[in-house]
Amino acid sequence: MSIAIHHCLSILNSCKNLRALTQIHGFFIKSGVDTDSYFTGKLILHCAISISDALPYARRLLLCFPEPDAFMFNTLVRGYSESDEPHNSVAVFVEMMRKGFVFPDSFSFTFVVKAAANFRSLRTGFQMHCQALKHGLDSHLFVATTLIGLYGECGCIEFARKVFDEMPQPNLVAWNAVVTACFRGNDVSGAREIFDKMLVRNHTSWNVMLAGYIKAGELESAKRIFSEMPHRDDVSWSTMIVGYAHNGSFNESFSYFRELLRAEMRPNEVSLTGVLSACSQSGAFEFGKTLHGFVDKAGYSWIVSVNNALIDMYSRCGNVPMARLVFEGMQEKMSIVSWTSMIAGLAMHGHGEEAIRLFNEMTESGVTPDEISFISLLYACSHAGLIKEGEDYFSKMKRVYHVEPAIEHYGCMVDLYGRSGKLQKAYNFICQMPIPPTAIVWRTLLGACSSHGNIELAEQVKQRLNELDPNNSGDLVLLSNVYATAGKWKDVASIRKSMIVQRIKKITAWSLVEVGKTMYKFTAGEKKKGTDIEAHEKLKGIILRLRDEAGYAPEVASALYDVEEEEKEDQVSKHSEKLALAFALARLPGANIRIVKNLRICRDCHAVMKLTSRVYGVEIVVRDRNRFHSFKDGSCSCRDYW
């Protein structure tokens with residue numbers, strides 16, 4: 001290698017961005033090294049792999065070079081395959097074939113097949129497989145392994161297994177690839193069969209099985225594999241912690257995190273954000289606080305994603321001041337995710353004006369809002385009844401910030417109008433949308449019709465939903481609720497009967513409450529378990545006291561069946577959030593109570609929470625499907641607007 005080329009390579013390696021590279025490219029030309037194929041190959045490699053936005057520049061370099069070699073083409077094919085535009089990888093590969101004097105090798109096919117897998121193009125994958133056959137490279141170890149991954153990504157398990165079976169000497173990577181392909185195609189038994197045939201396994205083999213079982217929701221199988229593992233690494237622990245959280249098994253997620261610490265292993269970023277996510281989803285505030293202490297003590301507070309998870313955890317557990325404290329402590333480390341998480345936290349609690357102030361503070365600090373930022377902002381306007389402000393920011397999205405409104409933003413506007421009772425305006429807005437409304441958008445309006453008791457419009461909206469999603473149980477329940485509130489029991493009976501005939505099941509309502517850093521789950525109705533019996537007994541006493549001291553009378557409109565008044569009272573008294581409240585009062589008298597509910601809180605439960613907060617002198621936070629309700633001294637933070 002000449003001294004000039006060596007010197008230019010040293011300069012090249014110091015370039016960290018495209019601007020710096022283009023500034024010194026003239027120096028390379030003057031030095032004459034730009035005509036050297038070795039140096040040009042290294043230059044293309046640096047542009048394609050090391051500098052994030054330099055792929056188009058690398059492509060121009062390739063096209064301008066008189067006789068590019070296979071390394072140059074392969075480098076660019078690889079760069080595009082790992083980018084956000086993997087389809088361009090195929091275009092470069094085709095250009096390579098057209099040149100005629102450069103022939104694709106095993107690296108060419110490996111990279112272009114990986115690109116086809118990344119944009120899930122089975123057709124392109126087939127074409128590349130045929131080309132590999134033509135060039136005699138289909139059974140090459142690297143190419144065949146990548147083909148297995150492609151077919152797995154596209155759900156074609158038979159093809160993945162056929163490629164594997166035809167490999168003369170598959171290595172461990174190929175074995176792991178075919179197991180992964182089976183899981184991707186939902187062939188869990190096939191994955192286990194191949195795993196059992198493996199003569200040699202490494203950490204990846206075990207972790208592939210673990211992740212596959214978790215993704216398939218087979219938690220017991222995952223637990224068994226985890227216990228059989230000869231060695232557990234960071235990936236193994238993170239998979240269990242995050243996997244159980246995603247499957248709604250929050251106590252198990254917490255348990256695995258504790259076990260990780262007992263094993264004297266240092267949790268990584270994934271396991272920490274995973275367990276904090278479990279706290280967020282379940283409302284486990286006390287355990288979340290303990291984790292925050294651990295994060296500070298163990299020196300993880302510099303990690304942006306962990307701080308973002310803490311903001312989300314505190315917001316979703318009902319403590320906005322603590323979320324704000326974490327947010328403000330990040331200072332210059334705030335990312336767009338940090339700002340958006342804090343805005344979303346304020347939105348959940350109905351602090352619309354504060355969310356708008358923070359949004360303006362974000363833009364003034366030089367951070368450009370994205371699609372998610374606007375969803376959080378519009379959500380804040382909706383839950384605070386800020387109609388004019390919501391309309392203004394929706395119009396500014398494209399005009400000022402150049403963010404094209406997506407279906408989620410239109411849904412937020414429908415919710416904004418519907419929640420405030422402007423149902424006809426919401427309907428007209430949907431009809432004038434420039435993109436086709438989805439079932440979710442119509443469902444948002446149907447929910448508003450249910451809340452405001454508009455039967456006529458609810459029936460029109462349900463007709464629209466019948467065209468998009470005719471058998472959705474939630475839609476039928478919402479329409480049934482509208483009829484029940486209006487006392488149209490024949491219509492209620494008709495809907496319930498059709499649900500039985502079509503075997504459509506209503507979503508079971510449940511509520512979670514944290515007691516002693518353990519989450520307890522309650523569903524409506526009588527149960528035989530000890531905690532359920534305890535909750536029912538305590539609830540009877542609470543209802544009696546509320547009647548005597550606060551004049552409580554059950555709001556029987558929340559009972560959605562045509563039965564006697566006494567039976568209606570009995571129905572509403574057994575709602576899951578009341579049982580969670582009673583259990584927490586029995587176990588933690590005088591302590592603040594936090595409840596998470598999967599559905600919207602009914603008016604009767606809302607009234608009970610308000611009265612209980614005054615009579616028992618406790619603060620109660622309920623997070624339902626829509627928002628937070630903070631009850632204190634007989635009033636709610638939502639101001640009865642939800």
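Q: What share of the contacts in the protein chain with a separation of 6 or more comes from residues 24 or more positions apart?
A: Such residues account for 61% of those contacts, where contact means heavy atoms within 4.5 Å.

Q: What kind of model is this, and how are residues numbered?
A: The model is predicted: local features need pLDDT of at least 70, side-chain atom pairs count only at pLDDT 80 or more, and totals for chains, interfaces and linings use all residues. Residues are numbered from 1 along each chain as its sequence is written, and side-chain values use heavy atoms, with hydrogens and water left out.

Q: How many helices and strands in the chain?
A: The protein chain has 34 helices and six strands. Both are DSSP runs numbered from the N terminus, helices being H or I with at least four residues and strands E with at least two.

Q: What box do the C-alpha atoms fill, and what percentage of residues is buried?
A: Along the principal axes the box is roughly 95 × 60 × 55 Å. Of the 642 residues, 50% count as buried, that is, under 20% relative accessible area with a 1.4 Å probe, protein chains only; exposed is over 50% and partly exposed lies in between.

Q: Switching to helix packing. At what angle do α20 and α21 pack?
A: Helix α20 (residues 320-330) and helix α21 (residues 336-348) pack at about 165 degrees, with axes 10 Å apart. The axes are lines fitted to C-alpha atoms over the stretch in contact, and angles run from 0 to 180 degrees between N-to-C directions.

Q: Parallel or antiparallel?
A: Roughly antiparallel; the label applies to angles over 145 degrees, with under 35 roughly parallel, 65 to 115 roughly perpendicular and the rest oblique.

Q: Which residues meet there?
A: From α20, V320, A323, R324, F327 and M330 meet S338, W339, M342, G345 and L346 of α21. By class, the residues of this contact are seven nonpolar, two polar and one charged. Nonpolar covers Ala, Val, Leu, Ile, Met, Phe, Trp, Tyr, Cys and Pro, charged covers Asp, Glu, Lys and Arg, and the others, Gly among them, are polar.

Q: And α16 with α18, how do the axes cross?
A: The axes of α16 (residues 250-262) and α18 (residues 285-298) come within 13 Å and cross at roughly 30 degrees, so these helices are roughly parallel.

Q: Which side chains are involved, by residue?
A: F254, F257, R258 and L261 in α16 meet F287, L291 and F294 in α18. That contact has six nonpolar, no polar and one charged residues.

Q: How many disulfides?
A: Zero in the whole structure, with a disulfide taken as a pair of cysteine sulfur atoms within 2.5 Å.

Q: What about C449?
A: C449 is in no disulfide either, and its nearest cysteine sulfur, that of C431, is 12 Å away. C449 also counts as buried, at 0% relative accessibility.

Q: Last topic, backbone. Which loop holds N186, and what is its phi?
A: N186 sits in the loop between α11 (172-184) and α12 (188-197). Its phi is positive, about 60 degrees, although N186 is not a glycine. Most residues other than glycine have a negative phi.

Q: Is N186 buried or exposed?
A: Exposed, with 68% relative accessibility for N186.

Q: Where is H402, and what is its phi?
A: H402 is in the loop between α24 (387-399) and α25 (407-419), with a positive phi near 60 degrees. H402 is exposed, with a relative accessible area of 68%.
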